[in-house]
Amino acid sequence: MTDCNGCPLDGAMVRRDFLRAAFAGALYVSGLGIRTDKAYPIPAANGAVIDKDESVIVARVDQRVFAFSLACPHQNTALRWDERNTRFQCPKHKSRYRPDGTFIEGRATRGLDRFAVRREADRLMVNFDLLYREDEHVAQWAQAFVSLADSGA
């Protein structure tokens, strides 16, 4: 994004964030409210579930559960879960990612974008208003998962 010469959009906001903020503002003004969280069942085993309607991937890796954006960080192509190799892969330029979203190889330059998550009983609550990029939100990205280690799940 080019420099806006003092514009409040400092280049950190991506198109998806802008549209979400604009939509949220329109709903707030109309008094309808907005749903920012969605509940998903915590996967019973390692693997990934893709919700195409919300463009989110819920993945369990041992005792951790993550929620990722379905879009590849390189050019926003929808990712696929490669069950045989237990990794995510972009079908367009072949970028590959570990099940925890860390970048392995390809044209992308960072890991998968992670949504903020929390646990409520046996559900993973995904906050669609908080999406962390590995290169811009280092601490938040590293902590954007739910640990199941203490729960016996």
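Is Glu136 buried, partly exposed or exposed, and what is its relative accessibility? In this predicted model, Glu136 counts as partly exposed because its relative accessibility is 37%. Its salt-bridge partner Arg133, by contrast, counts as buried, with a relative accessibility of 18%, and the N to O separation between the two side chains is 3.6 Å. The pair belongs to one network, joined through salt bridges that share partners, whose members are Arg110, Asp113, Arg133, Asp135 and Glu136.

**Salt bridges**

| Side-chain pair | Distance, N to O |
|---|---|
| Asp37 and Arg118 | 2.7 Å |
| Glu120 and Arg118 | 2.9 Å |
| Arg133 and Glu136 | 3.6 Å |

Arg118 meets Asp37 in a salt bridge and also meets Glu120 in one.

**The four-stranded sheet and Asp82**

An open sheet of four strands runs in the order S5-S6-S7-S8, and its pairing is antiparallel. Strands S5 and S8 (103-105) stand at the edges, and because each has a single partner strand, one side of each is left without a neighbour in the sheet. The partner of S5 (residues 80-82) is strand S6 (residues 87-89), with which S5 pairs in the antiparallel sense over three bridges.

Within S5, Asp82 stands opposite Arg87 in S6. When neighbours within four places in sequence are left aside, Asp82 is in contact with Arg87 and Gln89. Although Asp82 belongs to an edge strand, this residue is buried, with a relative accessible area of 18%, because buried means under 20%.

**The S2 and S3 hairpin**

A further antiparallel pairing joins strand S2 (residues 47-51) to strand S3 (residues 56-61), and this pairing extends over five bridges. Across it, Ala48 stands opposite Ala59 in S3. The hairpin that these two strands form has four residues between the strands, and Ser55 takes a positive phi near 55° there.

Key:
Residues are numbered from 1 along each chain as its sequence is written. This is a predicted model: local features need pLDDT of at least 70, side-chain atom pairs count only at pLDDT 80 or more; totals for chains, interfaces and linings use all residues. Side-chain values use heavy atoms; hydrogens and water are left out. Buried means under 20% relative accessible area, exposed over 50%, partly exposed in between (1.4 Å probe, protein chains only). Contact means heavy atoms within 4.5 Å. Two strands pair if DSSP finds at least two bridges between them. A salt bridge is a side-chain nitrogen of Lys or Arg within 4 Å of a carboxyl oxygen of Asp or Glu.
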